[in-house]
Amino acid sequence: MQKTRDLRNLLTEIIRKNQLEPKILEQKVFDLWRKHLGAPFGSKTIPVSLSNGILKVYTEYPPYRRELLFLKQRIISNLNAELGQPVLTDLRIELRQIRVVPPRDAETKPSEPQPKPPKQSNTDPRRRTTPEELEQIEQTLANVTDARLKKSLRRLFTTQSEK
């Protein structure tokens, strides 16, 4: 126990000397976001930046944006209360396509085998899909569950990237 207290005191001193308290509080906002909002908001939104007290949040659902704007003052008050000081002054909610990472304790499905890139002949003059483009296509298709639709979209995206 003494070693733990010594380590805590050492870390507290390092944080204080390097004036890291504001940055640690800002990071804590990101950690509290999902916990505080709960389902569905915490899993369908993502905080992306905090600057000068303004927390920028992305969601891809217009109804969620409207509801968050409606609850903005309550959210700010509750998060500041949990932080113990007024870190947040405003929320900016933007509609953006996001890919929310599930919480660590959520069940994970086994990943699908990655498709093989299409065979390419040396005599074909078309532009080739780069590995980066193939990775982007796979990320785009990650949430598509219908196998036939996924295969068709993959073919379409690959064909379009080669033009």
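Guide: A nonpolar core is a set of buried Ala, Val, Leu, Ile, Met, Phe, Trp, Tyr and Cys residues joined through side-chain atoms within 4.5 Å, where buried means under 20% relative accessible area with a 1.4 Å probe, protein chains only. This is a predicted model, in which local features need pLDDT of at least 70, side-chain atom pairs count only at pLDDT 80 or more, and totals for chains, interfaces and linings use all residues. Residues are numbered from 1 along each chain as its sequence is written, and side-chain values use heavy atoms, leaving out hydrogens and water.

Visitor: Which residues have the most contacts inside the largest nonpolar core?

Guide: They are Val29, Trp33, Leu55, Ile75, Leu88 and Leu91, in a core of 20 residues. Helix H2 gives its largest share, 5 residues.

Visitor: What makes E1 and E2 a pair?

Guide: Two strands pair if DSSP finds at least two bridges between them. Here 6 bridges join E1 to E2 (residues 54-59), and the two run antiparallel, so they meet the definition. Within this pairing, Leu50 stands opposite Leu55 in E2.

Visitor: Why is one side of E1 and of E3 left without a neighbour in the sheet?

Guide: The open sheet has the order E1-E2-E3. Strands E1 (45-51) and E3 (90-95) stand at its edges, each with a single partner strand, so one side of each has no neighbour there.

Visitor: What does Trp33 touch?

Guide: Contact means heavy atoms within 4.5 Å. Not counting residues up to four places away in sequence, Trp33 touches Phe41, Thr45, Pro47, Leu55, Val57, Ile75, Leu79 and Leu91.

Terms used: Helices (H or I, at least four residues) and strands (E, at least two) are DSSP runs, numbered from the N terminus. Buried means under 20% relative accessible area, exposed over 50%, partly exposed in between (1.4 Å probe, protein chains only).
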